[in-house]
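The following questions and answers concern how structural terms are assigned. Each answer sets a value against its definition.

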Amino acid sequence: MAEPRNSGQVHLRQEGAVAVITLDNPPVNSSTDAVRRGILAALDRIDVQRTTAVVLTGTGQHLMAGADLHELENEPTEPTLPQVTAALASFPLPLIAVVKGHTLGGGLELALACDVRLATPTAMLGLPEVNVGVIPGAGGTQRLPRAVGLPKALEMIVGGKPITAVEANRIGLVDELLTATEDAAQNAEILAYASRYRGGKRPLAERDVVPIEEATLQAQAQKLLARSRGLPAAAVAAEVVMSAGKSSFAEAVAKERAHFLALRGSEPARALRYLFFAEREQPFTPTQAVAPRTLERVSVIGAGTMGSGIALCVLQAGYTVDLLELNAAALETGVKRIAQELEADIGRGHMTTERRDELLARLRPAQQIQAVVGTDLVIEAIVEDLDVKRALFADLAGLVGEETLLATNTSYLDIDRIAEGIANPARVLGLHFFSPAHRMALLEVVRCKATSEQTLSTAIKFSRRLKKKAIVVANSWGFVGNRLYAAYRRQCEFMLEEGASPERIDVALEAYGFAMGPFKVADMSGLDIAWKMRQQTMATRHLRRYVGIPDMICEAGRLGRKTGKGYYRYGEDKRPVTDPEVAAIVDRYRREQGIEARAFDDEEIQQRALLALINEALLLLDEGVCQRPEDIDIALVHGYGFPRWRGGPLFIARQWGRERLASELVWLAEVSGRGHE
């Protein structure tokens with residue numbers, strides 16, 4: 001074996017007649033200027049007279065997990081990735097890419113520029129660039145359709161979801177799956193393949209694109225775009241992929257590159273990169289080194305919709321879970337709900353029966369509270385009643401050890417009052433999940449007065465294992481998410497009072513990018529919960545602007561989707577339909593209050609809703625409820641359907657600057673404080 005020759009983050013070594021180029025840029029071998037220069041330098045140094053094939057691989061677990069997104073903040077420098085993929089494709093000897101770990105974005109584009117792709121069975125391959133606001137920019141939109149066909153390429157590039165190496169092998173993206181698992185044996189297998197390879201050059205650029213009927217492709221693209229929730233780059237990606245085969249490869253990749261460059265500096269791309277980095281920062285850093293506690297067994301109290309969802313989420317993370325419910329029928333329903341969710345995953349092809357059985361084997365239903373003895377963490381998800389929760393915490397404190405973490409899933413109640421008087425309050429915290437708990441990514445970790453840094457560190461470690469986006473918040477009414485949403489909903493009710501219809505507001509905010517308008521959300525959640533909360537604060541109602549329309553809707557027996565009518569009417573298909581009865585109720589209210597309805601356009605609705613969020617976010621930061629501005633944007637994106645490609649209200653406020661922000665907030669105060677004149 002010849003000595004490896006270094007070029008910074010890329011190494012070249014000769015193994016007999018095989019040259020091996022190894023990317024070495026920990027932790028994921030991301031594409032940087034040094035890596036790109038290193039690949040070109042390695043190609044230049046290969047002795048083509050004594051070499052029959054070239055292997056492209058990476059150190060560690062990955063070939064290349066994509067680009068260094070920090071580079072997208074600056075102007076591109078040479079050599080660019082397209083120059084590297086062009087050099088690989090035109091190299092006179094066959095190149096064999098070793099796909100392993102996460103081979104994504106630029107990593108897969110490198111592999112596509114090679115002639116052969118070998119892969120470990122556990123590898124994941126994808127072109128997820130739309131998720132950070134761009135499209136593949138180094139030939140991926142043109143080489144992938146030639147490898148797997150236009151429909152699959154559309155699915156992978158517009159959808160942005162990776163596929164497994166096993167699937168990639170089945171559809172022809174990977175030529176052969178490696179069988180060895182140990183590094184030494186795997187290297188030997190790769191070298192043996194490369195040594196006997198006699199297939200010559202097989203550049204994808206020279207393959208024809210299999211034609212597909214345009215109408216069929218357009219229909220598929222529209223379905224994919226509907227699922228993309230407005231990601232601006234998705235529509236561009238669809239257009240560029242569908243152009244494959246309609247012009248020369250050179251013309252098509254030039255078009256791809258032009259679109260990539262136009263997108264990289266756009267505000268949606270900057271917003272998506274902002275969230276990408278924000279979500280990877282530590283949500284909590286202790287003031288001194290502290291070791292998180294090890295959790296193995298978790299007890300969930302309450303087998304309702306939320307409790308069973310939390311239990312399922314924790315089961316999927318590998319923990320043993322006690323599910324406690326005093327009512328036998330409710331416990332049976334909760335267990336059945338978990339089993340049905342797992343069956344649905346099997347039906348969707350996301351789970352095997354063996355995996356389902358393994359999960360259910362770790363679920364331990366119980367009716368006796370004594371079942372919590374010996375557990376590491378208790379999460380209560382019972383009725384939202386302060387006295388009931390206080391009694392439960394008192395009982396728990398007498399059953400579990402003083403180091404067992406005690407968490408509540410309350411949405412609004414004061415956690416310090418819930419845990420008042422129990423021993424070792426440093427172990428008490430809030431773990432506020434969002435429904436459905438096993439699907440929603442947001443988790444609010446609530447810090448109480450006495451919560452220790454070890455408890456918080458343990459909770460963050462727990463949240464990572466649950467694959468949640470955790471934010472640390474102070475113990476305050478509504479915490480961060482619900483308080484923000486209350487301000488947003490209140491502003492929408494102001495506009496409803498002033499003349500906009502529920503449908504008008506929902507349409508405008510869905511056009512802005514929200515997953516669902518506020519009145520559809522209210523119907524889905526049920527209108528009676530908020531109605532009861534409003535009744536509890538009736539004595540202070542006169543101190544603020546109060547819109548009585550939601551009360552009148554509830555008084556008419558319209559409690560949302562569960563009763564078949566709320567702000568909308570619902571049939572058997574559960575789809576919202578405009579109901580004239582709602583318009584009549586709203587008109588009657590306005591007449592009684594002497595309000596003359598006025599017209600609203602999309603821009604005003606969107607601006608007022610956004611400003612309400614910005615204003616409340618600034619208050620949360622000022623009051624210390626949240627420490628990081630990024631956490632507010634993360635909460636709204638992952639918990640409340642705020643359009644990810646807009647970054648979040650505080651990201652937007654930063655783009656505006658102080659002067660515009662101040663002016664906009666003054667305007668919001670004027671329209672929000674307005675009475676019924």
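Two strands pair if DSSP finds at least two bridges between them; helices (H or I, at least four residues) and strands (E, at least two) are DSSP runs, numbered from the N terminus. This is a predicted model, in which local features need pLDDT of at least 70, side-chain atom pairs count only at pLDDT 80 or more, and totals for chains, interfaces and linings use all residues. Residues are numbered from 1 along each chain as its sequence is written, and side-chain values use heavy atoms, with hydrogens and water left out.

Q: What makes β6 and β9 the edge strands of the open sheet?
A: The sheet has three strands in the order β6-β8-β9, with mixed pairing. Both β6 (102-104) and β9 (163-164) pair on one side only.

Q: How do you know that β6 and β8 pair?
A: Three bridges join β6 to β8 (residues 124-126) in the parallel sense, and pairing requires at least two. In β8, M124 is the bridge partner of H102.

Q: Why is R483 called buried?
A: Its relative accessibility is 11%, and buried means under 20% relative accessible area (exposed is over 50%, partly exposed in between; 1.4 Å probe, protein chains only). R483 therefore counts as buried.

Q: Why is α4 called oblique to α10?
A: The axes of α4 (residues 140-148) and α10 (residues 249-264), lines fitted to C-alpha atoms over the stretch in contact, with angles from 0 to 180 degrees between N-to-C directions, cross at roughly 130°. Angles under 35 degrees count as roughly parallel, over 145 as roughly antiparallel, 65 to 115 as roughly perpendicular and the rest as oblique, so α4 is oblique to α10.
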